[in-house]
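These are my notebook entries on one protein model, set down in the order in which I looked things up. I begin with the overall fold and then turn to a helix, a loop residue and a pocket.

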Amino acid sequence: MPQKLLAILAASTLFISACGSGGPVEAANMDQLHQHVLDAGGICDDYEDRGEAPGIPGSELRACNDEFVLAWFASNELAEYWSDGLYSVGQETLVGGTWAILAKMETLETLRGSLGGTIKDGKG
């Protein structure tokens with residue numbers, strides 16, 4: 001009996017942990033997204049402004065390096081649209097709310113632990 005109770009408690013804890021994240025972090029602008037990435041352990045101390053995403057007015061792109069790009073959008077739909085375009089050409093992204101991040105899978109998995117969101121594996 002105690003082993004069965006322990007198994008139920010362990011399963012319940014895993015279920016609550018998986019469901020209790022509350023969704024991706026919110027970023028009202030690029031500066032907040034950048035700070036969230038730094039807080040999550042991302043290496044992006046110095047980044048380059050890359051302007052707007054092609055065809056998405058009001059968006060912002062900032063490159064931490066050639067393989068690590070932060071993107072902020074006016075809506076979740078636009079973030080998904082940008083991410084879907086990269087997915088279609090084999091790129092990996094992490095999308096959460098009004099933001100998306102283009103990076104290597106290892107980086108995305110690490111960031112997702114703190115930022116939440118959904119990884120889209122274009123190579124997968």
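Along the sequence, the pattern reads α-α-β-β-β-α-β-β-α-β.

I note that this is a predicted model, in which local features need pLDDT of at least 70 and side-chain atom pairs count only at pLDDT 80 or more, while totals for chains, interfaces and linings use all residues. Residues are numbered from 1 along each chain as its sequence is written, and side-chain values use heavy atoms, with hydrogens and water left out.

I then checked burial, and of the 124 residues 35% count as buried; buried means under 20% relative accessible area, exposed over 50% and partly exposed in between, with a 1.4 Å probe and protein chains only.

Helix H2: I asked which residues of helix H2 (residues 30–39) are buried. They are Met30, Leu33, His34 and Val37, and seen down the axis of H2 they fall within an arc of 100° (taken from the directions from the helix axis to the C-beta atoms), so they line one face of the helix. An α-helix has 3.6 residues a turn, so residues three or four places apart point the same way. The face turned away from the buried side of H2 carries the exposed residues Asp31 and Asp39. The cover over the buried residues of H2 includes strand S2 (60–65), strand S3 (68–72), S5 and H4. At the N-terminal end, Asn29 caps H2, with a side-chain oxygen 3.1 Å from the backbone nitrogen of Asp31. After H2 comes Gly41, whose phi is positive, near 95°.

Thr98: I located Thr98 in the loop between strand S4 (92–96) and strand S5 (99–102), and it is partly exposed, with a relative accessible area of 22%. Leaving aside residues up to four places away in sequence, Thr98 touches Ala27, Ala71, Trp72, Phe73, Ala74, Ser75, Asn76 and Ala79, a contact being heavy atoms within 4.5 Å. Thr98 and Ala27 are 71 residues apart in sequence, yet their C-alpha atoms are 7.0 Å apart.

Pocket: I looked up what lines the largest pocket, and among the lining residues are Gly41, Asn65, Phe68, Lys104 and Leu111. The largest share of this lining, 3 residues, comes from helix H4 (residues 105–115).

How values were computed: 1 Å grid on protein atoms, 1.4 Å probe; cavity = no way out; pocket = protein on both sides within 12 Å on 5 of 7 lines; lining within 4 Å. Helix = DSSP H or I, 4+ residues; strand = E, 2+ residues; numbered from the N terminus. Polar contact = N/O pair within 3.5 Å; in protein donor to acceptor, adjacent residues only side chain to side chain.
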